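Subject: Structure handover

Hi,

Here is the structure I promised to pass on. Please open it next to this email; my notes follow below.

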Amino acid sequence: MAVVKTYWYLTRSSGAVALILLTVSVVIGIALIGRVRSERRPRFAVDGIHRASSLLAVVFLVIHIATAVLDSFAPISLLDAVIPFAGTYRPVWLGLGAAAFDLLLAVAITSALRERLGHRAWRAVHWLAYGVWPLAIVHGLGTGSDVHQEWMIAIYIACAAAFAIAILVRVAIGWPDRARLRIAVVGVFAAFAVGLAIWLPGGPFGANWAKRAGTPPSLLPHTVSRPSVS
């Protein structure tokens, strides 16, 4: 029982840490695209933080996946964790997490092979990183058992705020150059934020979400008794 609880706590905590690190990496990436510079923070130092946060995000995601697979509570296999929408446990929401991991892994691998791939090919794949963040957010909200915890809600709000500020700052730099593209980027993020606001009350924050999310019937009586990280 102690081992099972350890896996449970590790799964929850590593997922939260991975989301924070992913947000840091994406926010810094947006700043680098906008060439946000500071004499106190030279470019090479910012690049180093960007790479380190990206690598650590992958490490914590691996821990998150490994402990979720090892935890005997939910029927999650290694294939379910890397092949989107293949599982039986909350398949849609788990599948979004698998898709986010696959995209992040592709970005990490191509970054390691950047010199061989060339800048254009690397940059094309690197844009996928900005799709990982919303997938990770929805995955966490859809599958996370701590979604009602105040500390987890605070993490989601902080990550969303950081991402929104980074987008707005990036759009403002160099305005009005390529104004239509910049407006489209803001529009996409606004649509995502509005979509979350509409979905959450009747989704993860609504009644019987565990059942509606796709939790196997045999596990439903036990979902309320699972421990939460607090």
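Asn 208 is exposed, because its relative accessible area is 61%. Here buried means under 20% relative accessible area, exposed means over 50%, and partly exposed is in between (1.4 Å probe, protein chains only). Asn 208 is found in the loop between α9 and α10 (209-212). Its phi is near 55°, a positive value in a residue other than glycine.

Before the rest, the ground rules. This is a predicted model, in which local features need pLDDT of at least 70, side-chain atom pairs count only at pLDDT 80 or more, and totals for chains, interfaces and linings use all residues. Residues are numbered from 1 along each chain as its sequence is written, and side-chain values use heavy atoms, with hydrogens and water left out.

Arg 178 sits in the loop between α8 and α9. With a relative accessible area of 59%, Arg 178 is exposed. The loop between α8 and α9 also holds Pro 176. A cis peptide bond joins Trp 175 to Pro 176, with omega about 10°. Why flag these? Most residues other than glycine have a negative phi, and most peptide bonds are trans.

**Overall build**

The chain has eleven helices and zero strands. Helices (H or I, at least four residues) and strands (E, at least two) are DSSP runs, numbered from the N terminus. Of the 230 residues in the chain, 38% are buried. Contact means heavy atoms within 4.5 Å. Among contacts with a separation of 6 or more, 69% are between residues 24 or more positions apart.

**The salt bridge**

How many salt bridges does a search of the whole structure find? One. The term means a side-chain nitrogen of Lys or Arg within 4 Å of a carboxyl oxygen of Asp or Glu. Arg 12 pairs with Asp 146, and their closest N and O atoms are 3.9 Å apart. This pair links distant parts of the chain: Arg 12 is in helix α1, Asp 146 is in the loop between α7 (129-143) and α8, and they are 134 residues apart.

**Aromatic pairs**

A search of the whole structure finds seven aromatic pairs. Rings of Phe, Tyr and Trp (its six-membered ring) pair if their centres lie within 6.5 Å; planes under 30 degrees apart count as stacked, over 60 as edge-to-face and the rest as tilted. Trp 8 and Phe 73 are edge-to-face, because their planes are at 80°, with the ring centres 6.1 Å apart. Trp 8 is in helix α1 (residues 2-33), while Phe 73 is in the loop between α2 (43-70) and α3 (78-82), 65 residues apart. Trp 8 is buried at 7% relative accessible area. Phe 73 is buried at 13%.

Phe 163 and Phe 189 form a tilted pair, 5.4 Å centre to centre with 35° between the planes. Phe 163 lies in helix α8 (residues 150-172) and Phe 189 in helix α9 (residues 179-202), so the pair ties together parts 26 residues apart in sequence. Both Phe 163 and Phe 189 are buried.

Val 26 lies in helix α1. It is buried, at 4% relative accessibility.

**On the surface**

Best wishes
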